[in-house]
Amino acid sequence: MIEATPYRVLDVGAAKLALHSPIERLHADLDRVYPHLPGTTDSGFADVRVSLLPGSPLRLRGRQVSLWSEGERPFEPYPIHSALPLFEWGSNYLLSQRLNAYLLLHAGVVARDDLALILPASPGSGKTTLTCALNLAGWRFLSDEFAVIDPDTGEVLPMVRPAPLKNRSIAVIGERDAAVLGPLYPGTRKGDVAHFVPDRDSTLARHRRARPRAVMFPRFEAGARLHCKPLDSATAVMRLGLNSFNYRALGPVGFHAAVELARRTKAWELHYGDLDEAIACIETLFASLP
Amino acid sequence: MSPRASAETALLLRALHAPIELDEPGWDSLLRRARASGLHARLAAAQAATPGLPDVVRRHFLSATRIAAYRRKLMEAELFQLAALCDTGFPVVLLKGAAYALQRRRMATGRFVSDVDLLVPAAHLRTMEQALRAAGWRSEALSPYDERYYRDWSHETPPLRFPGHSLELDLHHAITPVTGSLAFDPAPLFARAEPIAGTPFHALATEDQVLHACVHCFHDGDLALRVREVVDIDGLLRELAGQAGFWDRLLARAAELGLQRPLWYGLHFARAWLDCPVPGAVLAALPPPAAPLRRIMDTLVALTMLPGDLDGPPSPGVRLARAAMLARYHRLRMPAHLLLPHLVRKTLLRLRASVAAKKEAPDAGAP
């Protein structure tokens, strides 16, 4: 079989991504946001294999880049300088379609001693900011976007990818000690985007599963007083289902995985306005678990 | 000569019927080809028991199998809701996927369901549509022109959807466009439709199911990546070939309904691509296209329906073939005095839309 197209392979833990692109800026950006991954070009199995190809240089409103997957273009093109956000967003979407061997929650995941804290939330609730801040506070970073749960064992698999910070979160995280951010992409429709780079140890541990210990549903609101409320298991299951990509599609498998997850963990709802207060509260609660 | 599939595509089509052995890069390539043509859950079903599958391949098969099962559940839920509306004085016929599933056909395993197709007698079309609307189904608002296009020149009503459901419902009163060269009075279809046991629905007679699959496969739109419909035809034929007198009934029915040409194409490509056991005498009994046309169709159909290069956009040859097949579709669908004004109008509207449209990129970072 002839494999003419050269692919760059990124092993992010629960999945392997392969991409092909002639756009040099994209590869430079990837070097910055995946600094701890070996740059391999092996031709093994990839869960997602995409090409990011430049559009016509003659387009009046600026050159664009398209993501091609299996000969099709599933998304609208991006401006060419935003090839990295397109790759990150597009490959995550494709993964959400293909990783239905697992229960996929829309959640950040961090861990202490391989015991995982899962932070499921809808967009705009401060999940990414909190996940990044916890990583900077010494927690292992497993994922910002997906909690990948193996229904057979109940374990969570890491998917260590750069976390897209938006607008004010960029400065909030960027100002913290040891924070590493990728390039700034100004003026996407959601505003400015820059990616937080998870630390080296988290990246190296990307194949080490963790056991879920706690679930916390975070909600950031500027100026809000810290309020942390325990949730009973039944409420937690319902809210896990609502924050899942594929809970319905998995049918009984998804239901049992969510029930097991709620049984094995303690769940809280965390309403906060100050990041450090939230982290202190999380540390205390997590340490108090039996 | 026969219409050629590339070595990789030929391998995929073979893998739908027999276990195969591959290394990880080989499975990667095969799965991509299967995804491109919507055949990955079928591949999963066919290879489920293959020994020595890499874990990662097993995981992708499990994923595809779960999604196919979920879509089938959605379809069953849709049919459950529809059943309440079918206590009528006329037959409500399920077409294609919904019928295959309720008839428990083997070939329905791993088949992705995308919509539900119903066929009712033209005289009862309005009644059925009103019953659906009264029960909550809705169609998108159409311009008066599009509305008229569907009503007068098509063989179906505008697609309906129950709010919040992901499957679309298409209500047909014929299986060929009423203005097209294949148009025929669908009364014989209803005369031989069979009740599906345990349901209020009907299915087409088995020969008519094959003929409809052929018409749908070769006379609908640009035919891009329709190889899965040839896989349907192959699956039906393999399942029905054992029935006594099946091939004779199929030939007689094709002659009666004027569907010999679509049947010829269906048998020809199912045999060429999937090794479908069609007796030579059956194919020989159908009038074939003239040799030059046949050569052109062999090339164009293969380029259009089979997956090509997966690493980027379709090649210029594939794009040209798809455009040619689309032109053929329009030509077969409407006579020139209707078609030309229709295309001019659609082209002007598209131009106006593309000038007005401000295409925006999707959000970065949003799930």
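## Domains, interface and sheets

Chain A is divided into domain 1 (8-98) and domain 2 (103-288), and the model in which these domains are described is a predicted one. Taken over C-alpha atoms, the centres of domain 1 of chain A and domain 2 of chain A are separated by 24 Å. The contact between the two domains draws on 25 residues from domain 1 of chain A and 24 residues from domain 2 of chain A.

Where domain 1 of chain A meets domain 2 of chain A, the rule finds 2 salt bridges and 9 residue pairs in polar contact, both residues of each pair being at pLDDT 80 or more. On the domain 1 side of this contact, the elements of chain A that give two or more residues are helix H1 (24-33) and helix H2 (83-98), and H2(A) supplies the largest share, with 8 residues. Sorted by class, that side of domain 1 of chain A has 13 nonpolar, 7 polar and 5 charged residues.

Chain A also meets chain B, and this contact takes 45 residues from chain A and 37 residues from chain B. Across the interface of chain B and chain A the rule finds 3 salt bridges, together with 15 residue pairs in polar contact, again with both residues at pLDDT 80 or more. On the side of chain B that touches chain A, helix H2 (24-36) and helix H4 (55-83) of chain B are the elements that give two or more residues, and H4(B) provides the largest share of that side, 10 residues. The residues on this side of chain B divide into 19 nonpolar, 5 polar and 13 charged.

| Item | Value |
|---|---|
| Area buried between chain B and chain A | about 3600 Å², 55% of it on carbon and sulfur atoms |
| Area buried between domain 1 and domain 2 of chain A | about 2000 Å², 63% of it from carbon and sulfur atoms |
| Salt bridge A:Arg49 with B:Asp28 | closest N and O atoms 3.1 Å apart |
| Salt bridge A:Arg161 with A:Glu88 | closest N and O atoms 3.3 Å apart |

The strands of chain A can be followed next. An open sheet of 5 strands in chain A has the order E1-E2-E3-E4-E5, with mixed pairing, and its edge strands, each of which pairs on one side only, are strand E1 (8-11) and strand E5 (78-79). Within chain A, strand E3 (residues 48-54) and strand E4 (residues 64-69) pair in the antiparallel sense over 5 bridges, and A:Ser51 stands opposite A:Trp68 in E4(A).

Further along chain A, strand E14 (residues 211-220) is joined in parallel to strand E7 (residues 115-120) by 4 bridges, with A:Ala116 standing opposite A:Pro212 in E14(A). E14(A) also runs parallel to strand E16 (residues 266-272) of chain A, to which 7 bridges join it, and the bridge partner of A:Met216 in E16(A) is A:Trp268. In general, the strands of a sheet pair through backbone hydrogen bonds, either parallel or antiparallel.

Note on methods. Residues are numbered from 1 along each chain as its sequence is written. Chains are lettered from A and ligands numbered from 1 in the order in which they are written. This is a predicted model: local features need pLDDT of at least 70, side-chain atom pairs count only at pLDDT 80 or more; totals for chains, interfaces and linings use all residues. Side-chain values use heavy atoms; hydrogens and water are left out. Contact means heavy atoms within 4.5 Å. Buried area is the accessible area (1.4 Å probe) that two parts lose on being put together, summed over both. A salt bridge is a side-chain nitrogen of Lys or Arg within 4 Å of a carboxyl oxygen of Asp or Glu. A polar contact is a pair of N or O atoms within 3.5 Å; within protein, one must be able to donate a hydrogen and the other to accept it, and residues adjacent in sequence count only if both atoms are side-chain atoms. Ala, Val, Leu, Ile, Met, Phe, Trp, Tyr, Cys and Pro count as nonpolar, Asp, Glu, Lys and Arg as charged, and the others, Gly among them, as polar. Domain bounds come from an automatic or database domain assignment. Two strands pair if DSSP finds at least two bridges between them.
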